[in-house]
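Trainee: I would like to go through this model term by term. Let us set each value against its definition.

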Amino acid sequence: MATCKNLCALLLLLFFSFLHVKAILDPADFLALQSIRKALQDMPGSHFFSSWDFTADPCNFAGVYCDSDRVISLNLGDPRAGSPGLTGRLDPALGKLSALAEFTVVPGRIYGPLPESLSDLKNLRFLGVNRNFISGEIPTQLGELRSLRTIDLSYNQLTGRIPPTVGSLPELTNLILCHNRLSGSLPRFESHTLTRLDLKHNSLSGSLPPNSLPPSLQYLSLAWNQLTGPMDRLLGRLDQLNYLDLSLNQFTGPIPDRIFSFPLTNLQLERNQFSGPVQPVEQVSIPTVDLSYNRLSGQISPMLASVQYLYLNNNRFSGRVPASFVERLLDASIQILYLQHNYLTGIEISPTAVIPERSSLCLQYNCMVPPVETPCPLRAGKQKTRPTAQCNQLKT
């Protein structure tokens, strides 16, 4: 009799364990995953969905991570490099995964808009759908997701403005929207934890007020847009920056002296309309500084001689090149020194000086005959010196 009781208890335990396995996932999440699966397919060569057998526990599917009976993370597609990715659309049922904290999609051919139902994911902290064919506008409702920390929608076909509601997200740390077709002005970003803002390669326009970006920024790229106006008051506040790229815009006004003391590894301000002198207050320790194709003037500061890759070409610099540049060039401390297309009048370097093979110097099209023959970029042209009339015009 005791053996029978033990056997019955074991069978009951197994039965309830079986029920527990089958009921582990919330029904709303189960149905949402089914709808998401129906809207997407593996690209040829991808086998991501091979594990998505709905007769089994969905919490064991590839890319699905659960906490108790809820899906908390959904990573669609094989994350290994070179994976073909997925195709299809993002189904609105995505918004039914109300406990979701992380949603990512690997690069592929997913098209159509971002579902507005994303606004129902109140616990979402990480949204990453990059390198696909997502189109339409960024849903204004994303601003309702107050826990969002990272948004990466880069390399898609998004249009329209960056919603002001996104700028008001209080916990936002990373916003990566580069390589889209976004237009209009930038919203004011209010998060005190925003460290990375990458908006390059869009069609953004307008100017940036001095308080539009938080001083917490460490990485800022606004390159390849149509942004205008002065930046000196804004940049002067961003003293945590370690990467700054404002190239290929229409920014005007002076470059603040303070910026050269920031902990930058890369300073890209080329192809704008910045003007005035460049006067760092101390030796510049930034490895790469590109100020080319602007309207900068005055003498070249010796404080820039400590830069390894320095591009000052196509400006209005005048006077003689400081001797410290020659010293560092000849001992190969300077790798690139581009000074072509300015109004420079001299440089103290011997015509027989040997430029190290790994260093590059270009001096042509200035108000002097280059004392040494050095190879220059093709776009520098073939003229060795600037016409005397232009040089005289600068003096007056």
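Trainee: What makes β14 and strand β16 (residues 226-230) a pair, and in which sense do they run?

Mentor: Two strands pair if DSSP finds at least two bridges between them. Two bridges join β14 to β16, so they pair. They run parallel. G206 stands opposite L227 in β16. Strands themselves are DSSP runs of E, at least two residues, and helices are runs of H or I, at least four residues, numbered from the N terminus.

Trainee: What kind of model is this, and how is it numbered?

Mentor: This is a predicted model, numbered from 1 along each chain as its sequence is written. Local features need pLDDT of at least 70, side-chain atom pairs count only at pLDDT 80 or more, totals for chains, interfaces and linings use all residues, and side-chain values use heavy atoms, with hydrogens and water left out.

Trainee: What is the average pLDDT of the protein chain?

Mentor: pLDDT is the predictor's confidence in each residue, from 0 to 100. The chain averages 93, and 94% of the residues score at least 70. Over residues 1-23, pLDDT stays under 50. The model has one contact beyond four places in sequence for that stretch.

Trainee: Why is G184 called buried?

Mentor: Buried means under 20% relative accessible area, exposed over 50%, partly exposed in between (1.4 Å probe, protein chains only). G184 has 13%, so G184 is buried.

Trainee: Which residues is G184 in contact with, leaving aside neighbours within four places in sequence?

Mentor: Contact means heavy atoms within 4.5 Å. R161, S203, L204 and S205 are in contact with G184. L204 is also the bridge partner of G184 in β14.

Trainee: How do you know that β12 pairs with strand β14 (residues 203-206)?

Mentor: β12 and β14 share two bridges, in the parallel sense. The definition asks for at least two, so they pair. G184 lies in β12 (residues 181-184).

Trainee: What joins β5 to strand β7 (residues 126-129)?

Mentor: Four bridges, and the two strands run parallel. V105 has V129 as its bridge partner in β7. Strand β3 (residues 70-76) also pairs with β5 (residues 102-105) in the parallel sense, over four bridges. There, N75 stands opposite T104.

Trainee: What does the UniProt annotation say about residues 27-67?

Mentor: The unreviewed entry gives "domain: Leucine-rich repeat-containing N-terminal plant-type". Such annotations may be inferred rather than shown by experiment. In the model, this stretch is 29% helix and 17% strand. Its end C-alpha atoms are 14 Å apart.
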